Amino acid sequence: MNIQRTFAIIKPDAVKKNAVGDILTMIHGAGFRIIGMRMLEISVEQAEGFYAVHAERPFFNSLCEFMSSGPIVALALEKENAIADWRKLMGATNPANAEAGTIRKKHASSIEHNAVHGSDAEDTAKFELSYFFAGYELF
Ligand code: ATP
Ligand code: MG
């Protein structure tokens, strides 16, 4: 299996509850290398651009408001099979269905306020990494 990169966000709910350190520890514990990291706030418009694939979903406006409601941590992660392995470590979208040992089981409070984001495929990982990071910012 080749080394792969994926894009992750620690969402505003997890930043607010001081879970950044624990989530970064879980990321390292699972064997990911953090090759890019930035704490920032995004506007509603920037969230809409990031989540454009979800524009027709009923939760789109609420999701974009939530994602711009406070600081987030944008992360570029690298490891073998990073995309699937990061989604596995995140757990199910709805924390009620999240498996034991996952980040969402531990830190998510609802299907919307679910602590972390992860790219779902190679093409979305590429788009999402480039939305938040320039190539020279990745180590
Ligand atoms: P993410 O894309 O954030 O990694 P995901 O791939 O598990 O999560 P998606 O279906 O892509 O889930 O939905 C994107 C995000 O939209 C979810 O993480 C969650 O914050 C929010 N969301 C998804 N479904 C709902 C819903 N039914 N009601 C409210 N918010 C939702
Ligand atoms: Mg998704």
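Colleague: Buried means under 20% relative accessible area, exposed means over 50%, and partly exposed is in between, with a 1.4 Å probe and protein chains only. By that scale, is Asn-18 buried or exposed?

Modeller: Asn-18 counts as exposed, because its relative accessibility is 71%. Before we go on: this is a predicted model, where local features need pLDDT of at least 70, side-chain atom pairs count only at pLDDT 80 or more, and totals for chains, interfaces and linings use all residues. Residues are numbered from 1 along each chain as its sequence is written, chains are lettered from A and ligands numbered from 1 in the order written, and side-chain values use heavy atoms, leaving out hydrogens and water.

Colleague: Fine. Where does Asn-18 lie?

Modeller: In the loop between H1 and H2. Helices (H or I, at least four residues) and strands (E, at least two) are DSSP runs, numbered from the N terminus. Asn-18 also has a positive phi of about 65°, though it isn't a glycine. Most residues other than glycine have a negative phi.

Colleague: New topic: which residues touch the most other members of the largest nonpolar core?

Modeller: Ile-10, Ile-23, Ile-27, Leu-75 and Trp-86, out of 22 residues. A nonpolar core here is a set of buried Ala, Val, Leu, Ile, Met, Phe, Trp, Tyr and Cys residues joined through side-chain atoms within 4.5 Å. E1 (3-10), H1 (12-16), H2 (20-29), E3 (72-80) and H5 (82-90) each supply at least two residues. The largest share, 5 residues, comes from H2.

Colleague: What is Leu-75 in contact with, leaving aside neighbours within four places in sequence?

Modeller: Counting contact as heavy atoms within 4.5 Å, the list includes Phe-7, Ile-10, Leu-24, Ile-27, Met-37 and Phe-133. Apart from this core lies another one, of 20 residues, among them Leu-63, Cys-64, Ala-76 and Phe-132.

Colleague: OK, the sheet. What order do the strands have?

Modeller: E2-E3-E1-E4, in an open sheet of 4 strands with antiparallel pairing. Two strands pair if DSSP finds at least two bridges between them. E2 (33-40) and E4 (116-118) are the edge strands, each pairing on one side only.
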